Amino acid sequence: MSDAKIGVYVCHCGTNIAATVDVAAVARFAATRPRVAVARDYKFMCSQPGQERIQKDIARLGLTRVVVAACSPQMHELTFRTACQEAGLNGYLCQIANIREHCSWIHADREAATAKAKALVAAAASRVAHHVPLEVTYAPLNPATMIVGAGIAGIQAALELAETGRDVYLVERDSTIGGKMAKLDKTFPTLDCSACILTPKMVSVSHRKNVHLLTLAEVERVSGTFGAFTVRVRRRARYVTDACTACGACAKVCPVTVPSPFDELLGERTAIHKAFAQAVPNAYVIEKQERPPCMEACPLHQEAAGYVALIGKRKFKEAARLIRQRNPLASVCGRVCYHPCEDECNRGLVEQPVAIQHLKRFALDWARAHGVTLAPPPVAARREERVAIIGSGPAGLVAANDLALKGYQVTVFEQWAQLGGLLATGIPAFRLPRELLEEEIAWIRALGVRLETGVRFGEQITLETLRRDGFRAVFLATGRRDLVRHDLPGLELAGVISGSEFLRNVNLGTDPHPLGRVVVVGGGTTAVDAARAALRLGSPVTLLYRRTRAEMPAMRGEVDDAVAEGVAVRYLTSPVEVLGAAGRVTGLRCVAMRLAGPDASGRRRPMPVPGSEQTIPCDLVVMAVSQRADVASLVEDGGFARTGWRPVAADPETTQTAQPDVFAGGDVVAGPSTVVAAMGYGRRAAEAMDKYLSGRPLTDFTTHLVRPRNLARENFRPHSYAPRYADTPRAPREPMPRREARERAADFGEVGTGYTEEQAVREAQRCLHCGVCVECRECERVCEPEAVAHAMTDVVEDIPVGQVLLATGYQLFDARRAGQYGYGRLPDVYQGLEFERMISSAGPTAGRVLTRSGRPPRAIAILHCVGSRDENYHRYCSRVCCMYALKFAHLVKDRTDAEVYQFYIDMRAYGKGFEEFYGRVLEEGANVIRGKAAEVVAARGPLAEYGALVVRCEDTLIGAFREVPVDMVVLCAAMEPQADAERLKRIFTISQSPDGFFLERHPKLDPTATFTDGIYIAGCCQGPKDIPDTVAQASGAAARMMGMIARGQVAMDPVRASIVAERCSGCRICNNLCPYAAIAFDEARRVSVVEQALCKGCGTCVAACPAGAIEGAGFTDEQIFAELEGLLAV
Amino acid sequence: MTFEPRIVGFLCNWCSYSGADLAGVSRIPSAPNLRAIRVMCTGRVDPTFVLRAFELGADGVLISGCHPGDCHYAEGNYKAMRRVALLQAVLKGAGVDPARLRIEWVSASEGEKFARVVNEFTARVRALGPLKAAAEPVAAAAD
């Protein structure tokens, strides 16, 4: 170091430096610094003579260090290092002092600038004395490349790179390649058809064996370094396999249509679709957004959205078939399900939820009325294992159905003579016609399930006998019953009965005694059912409820029906004593209540009003207050624990009890719940028992447990194409036709008569098709190659590549933000890509230019610079708008009789053939008005005769305010960076310019590289540009990448950390600090070691090492301390 | 004559040094008081560099790196941020106004911001006056 001989060279850079910095004075000063052997100034150091000057001095004077005071090291560091290297001096013994970008260009005061330049030179000279020779090392480069984005830029680059014969991964997030260019009709200025020139390239991509097309794919993470990146790509499920032949049969049967993004939402497409005719890959794709909440909310996972959509398309048979496939008690659910699906229906946020339950009933009634046989799902291979199910309620029946479908030998034991459990004994026939229940039980029987009645668990059979008889698993689904006895005087009198017992007697016809006057106590479904049943048996009925109508747990409609039929309801009334004579009920003494603060359940607590007692004379008191499972026999027999409302302990996930072969579900476990909840338990238990009997762990269930957190409203939105709730046209729910109250109160026939076909279709069409695909599986049914795969899931892949090209393109400025132009508000204001689709012969109007009302426009205004060249939005020029606006003018003139008005600020026609094209369009008679349009308004007054809209502007050529009536307005919305450009920027650690486009390494000289080695950019992700420029940049980037592939290796900057083992104390602070996990601890030597291949040279560990044991080559402590000394010497 | 402070700037190679270059290319004028040292990452800035700068007579030290989340090396800028917080406490203990040490985020595209930061910080340090009395205790802390 002390013997270092330093040469200092101060560059004038013409006048760039010399005009502000006294370069001669800087050189004179430099000569006075320690160890400086020579200091010179020269006009252009980077020129050949400049470099030779340095080389000569190295040779003649024996310089051992060089300082060049010139431009930024980003510009010429490599130049001077190479010059030194050529003269036999290691390039890393040369240091640059940046006196141009950091000094002469930003300061005006010559004296201050010269002083600063001296300090920078002194710093460099002081630092360079401590430099040591460093050697560039080389690492192999993976010749595989990745291109992100498959628009024209990505396609072009892929085709170029494919020529190397190496692997090219083309990642595209859409279902097809082609990007925005595929949407264009004609391209300026040559007017060649966009599809005609693009689609051959698209096909060509698909034919290249070494181009791996990853559609529906997005990059999630990048690791590794230049030459050896690993890119993590998530490929979203297509739900259609490679077997797809693109025959299109699926799209014909798909009941869901949504606006087509390819047609800029002007046209429609089905949920299973191909983006456009020439899409590559040529295969269909199913769009699934979030799963519809109706399905999420259903414990059975019934495809509510699916059958609703099918009914909307008058496919009643298909709807019924879909329902039946998943639901063995479909008609039952169509009547008595409490339909949690409707509670979660997004239509409810518009006005009222879709009447899903009524539609289900309609589909099944229609099928029955039309003699459609609904085949059960296919039965799996026969299994010899016998399974016992205790209880034939909804839980037991569904479990029996599912296990039978899985091939098991199932026997159901029912204690009563009637099958169906609560469905048969607890629900009166006017809510659930018995023949429907019997029909569905018959379906289950037809699967081979043995149904034995009159067998009581704990009496004829026990777990012991069942096991002895060869049952390998038992499902307890004994449900609930029994009164929780109130501490009410007189309950022992004849004529007091529990609600469930009363209903059972009525339903089973076992106690048809004359009822006389009936009082029902309670406010739940059982109470209301009991009251209405008693009414139908001819009794006057009074219903007592201790709270008000608002707190009543029974469904509101049921209460209304009961009142209409003649049940007298007395709210805020509670019994205090049953009165009797000769052991029989004669009346009920009651007290009036008032509501106090909320109790533990959140409902307001009723308090008796003193002195309000009165007596209701009656002959029968039905206590329908609370229910609890009758588990005495279970507890005695099986020794199950029971607590509170959960009489039998079973794992809520697996339904398994403490005895591994015994499962339990439904009300016996969960306490009183609903029919569909019980069915859900049955389904879960069947899957658990199948796993158990197959020796598989009870995990990874495919069946569904409804979890309230899944149903948080804010997590569900109708799909992105639906109008906002506030903008959705109102359509009230179809009312269920019903029989007259008086008529229906006289018998046990059904109350509602069911939708007509027209009503059902209308109601079904209210569905918003949340999730787009509704999983009706019609596509699956018609697909001959069996390519539809609804169960497909996303795939995450780690792909090793050497280099990556980003060609992610642009998005259009949202013209709604420039509200003065009325986009999104006035019907016939379009943005450029929409108009592009409209004039495309393959577009939604087959190329006809029509207003929304279907008329050809008399005049069209084309507004330039919407969102661009505008201080409020984007200051930059979007570059392509002038020319495509002229193209639109030409096409409109060519195809319609409409007048065209262009509103422009400056006409930018700078490209090859552009000016000529401008002239041609002017000759064709397009009107051009120089002036930025101020606003677009609906026409009023006399102007309305000439157009529906009026464009207002200042015509700056004639200096006058103008109002131009037109029928259609096209906004040339600016190109802007993709919404997720920032996410990609972070993934690839590149930069964005202030306008948000990706930052190139140099705006003029290096437009395809980024500051991150091995990451390149091309096309509109770098800035707005037209197709020729995009293609040129893409080819340029590909050439850069090919150069690296040909070289086959990557130069590794020697700026890296290393640990001097003798100084390392083994504290391991650095181990966790390294973002690349490049530092490992050598247990044998008790020191940390830097893995050189992984180190990227940031120096964070160097700064953190308390022992100073880590050296950062090129940026050592000594070098930086020396630099500081020089810097502050002046 | 007004006091002209000498300020040392540690600029990371990827964001702030390039941002300063862009300010130059765009000819955005700024105060000549800042003298830059290029480091690969602000994570390389050893606290002793800062203390040594003050010891050698700097009136202010600016550390400027990539925006949070944008670090070329994933998280070096967070490390720098933590060290600056500690350093400021040390400086305060040594009788140096912690406002003399500043950390900023300037991206490669923020030439204008770079110039603004330099001007603002220069004005702030100028207002604080020369760093004299504090030099000795700082030197002690550095050893």
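User: Buried means under 20% relative accessible area, exposed over 50%, and partly exposed in between, using a 1.4 Å probe and protein chains only. Does C13(A) count as buried or exposed?

Analyst: This is a predicted model, in which local features need pLDDT of at least 70, side-chain atom pairs count only at pLDDT 80 or more, and totals for chains, interfaces and linings use all residues. Residues are numbered from 1 along each chain as its sequence is written, chains are lettered from A and ligands numbered from 1 in the order in which they are written, and side-chain values use heavy atoms, without hydrogens and water. C13(A) has a relative accessibility of 11%, which is under the cut-off of 20%, so C13(A) counts as buried.

User: Where in chain A is C13(A) found?

Analyst: C13(A) is not a glycine, yet its phi is positive, at about 50°. Helices (H or I, at least four residues) and strands (E, at least two) are DSSP runs, numbered from the N terminus. By that assignment C13(A) is in the loop between β1 (6–11) and α1 (23–31).

User: What is the phi of H769(A)?

Analyst: H769(A) belongs to the loop between α26 (757–764) and α27 (778–782) of chain A, and at 14% relative accessibility H769(A) counts as buried. H769(A) is not a glycine, but its phi is positive, at about 55°.

User: What is omega for the cis peptide bond that joins F188(A) and P189(A)?

Analyst: P189(A) sits in the loop between β8 (186–187) and β9 (192–193) of chain A. The bond from F188(A) to P189(A) is cis, with omega at about -10°.

User: Which loop of chain A holds P281(A)?

Analyst: The peptide bond from V280(A) to P281(A) is cis, and its omega is near 0°. P281(A) lies in the loop between β15 (272–273) and β16 (285–286).

User: At what angle do helices α10 and α14 of chain A pack?

Analyst: Contact means heavy atoms within 4.5 Å. A304(A), Y307(A), V308(A) and I311(A) of α10(A) meet I356(A), L359(A), K360(A), F362(A) and A363(A) of α14(A). Axes are lines fitted to C-alpha atoms, for helices over the stretch in contact, with angles from 0 to 180 degrees between N-to-C directions. The two axes are 10 Å apart and the packing angle is about 60°.

User: What is the handedness of the crossing of α15(A) and α24(A)?

Analyst: The axes of α15(A) (residues 394–405) and α24(A) (residues 675–693) come within 7 Å and cross at roughly 35°. A crossing is left-handed if the near helix is turned anticlockwise from the far one by less than a right angle, and right-handed if clockwise. The crossing of α15(A) and α24(A) is right-handed.

User: Which residues does K79(B) touch, not counting residues up to four places away in sequence?

Analyst: K79(B) lies in helix α3 (residues 76–93) of chain B, and its relative accessible area is 9%, so K79(B) is buried. With those sequence neighbours left out, K79(B) touches L1073(A) and T1100(A).

User: How many salt bridges does the rule find across the interface of chain A and chain B?

Analyst: In this interface 49 residues of chain A are in contact with 51 residues of chain B. A salt bridge is a side-chain nitrogen of Lys or Arg within 4 Å of a carboxyl oxygen of Asp or Glu. R44(B) forms one with D1117(A), the closest N and O atoms being 2.8 Å apart. Across the interface the number of salt bridges found is five.
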